[in-house]
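Work through the exercises below with the structure in view. Try each task before reading its solution.

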Amino acid sequence: MFHQIWAALLYLYGILLNSIYQCPEHSQLTTEGLDGKEFPEPHLGRWYFIAGAAPTKEELATFDPVDNIVFNMAVGSAPMQLQLRATIRTKNGLCAPRKWIYHLSEGSTDLRTEGRPDMKTKLFSSACPGGIMLKETGQGYQRFLLYNRSPHPPENCVEEFQSLTSCLDFKAFLLTPRNQETCELSSN
């Protein structure tokens with residue numbers, strides 16, 4: 001009898017804790033309204049990489065040498081395509097240009113990276129003004145990435161991102177230093 005009462009109390013305590021400490025939901029962005037020729041304006045243009053979170057440090061290791069990254073998202077040359085250009089400023093001052101092509105999935109928020117069939121990217125809204133979150137999954141990794149229109153968003157934006165991702169059990173966290181000037185984005 002004592003064990004049944006104790007088990008019931010622990011069960012109720014668990015339900016109470018779960019309701020108090022439940023992770024907040026972030027609405028997934030959609031590609032609704034996409035007609036194959038244009039992408040909703042709010043997602044095009046310049047973005048700065050601010051922070052990343054993952055279950056382990058190894059899943060963020062690719063960003064260890066980075067001081068800052070600036071991206072430009074544009075409509076691709078074919079329907080249902082986005083072109084992403086970036087320049088990476090490393091901590092030792094070097095600039096490295098990069099290009100990706102994302103393929104949009106009809107009726108889905110999934111983005112597929114050309115040449116990387118194992119990689120899937122989902123877009124999420126951010127409570128931070130001018131912010132967006134991406135969740136990348138691939139072979140052997142998953143990570144959330146925080147981007148903003150400003151290279152230096154309000155501190156509470158980063159804190160909210162870290163709190164949310166930690167709640168989702170993404171315990172490794174990386175904040176880009178953004179101490180150096182950004183590299184020039186090439187037009188080709």
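**Exercise 1.** Sort the residues lining the largest pocket into nonpolar, polar and charged.

Solution. The lining divides into 15 nonpolar, two polar and four charged residues. Here Ala, Val, Leu, Ile, Met, Phe, Trp, Tyr, Cys and Pro count as nonpolar, Asp, Glu, Lys and Arg as charged, and the others, Gly among them, as polar. A pocket is an open set of points on a 1 Å grid over the protein atoms alone, where a 1.4 Å probe fits, with protein on both sides within 12 Å along at least five of seven lines; lining residues have an atom within 4 Å of a point.

The model is predicted: local features need pLDDT of at least 70, side-chain atom pairs pLDDT 80 or more, while totals for chains, interfaces and linings use all residues. Residues are numbered from 1 along each chain as its sequence is written, and side-chain values use heavy atoms, without hydrogens or water.

**Exercise 2.** Find which residues lie nearest the centre of the largest pocket.

Solution. Start with the 21 lining residues. Nearest the centre are Phe-63, Phe-71, Trp-100, Glu-136 and Tyr-147. Next, look at strand 2, which gives the largest share of the lining, four residues.

**Exercise 3.** Locate the salt bridges (a side-chain nitrogen of Lys or Arg within 4 Å of a carboxyl oxygen of Asp or Glu).

Solution. The count is two. Glu-136 pairs with Arg-143, closest N and O atoms 2.9 Å apart. Both are buried (under 20% relative accessible area, 1.4 Å probe, protein chains only). Asp-169 pairs with Lys-171 at 3.7 Å. Lys-171 counts as exposed because its relative accessibility is 53%, and exposed means over 50%.

Key: Helix = DSSP H or I, 4+ residues; strand = E, 2+ residues; numbered from the N terminus.
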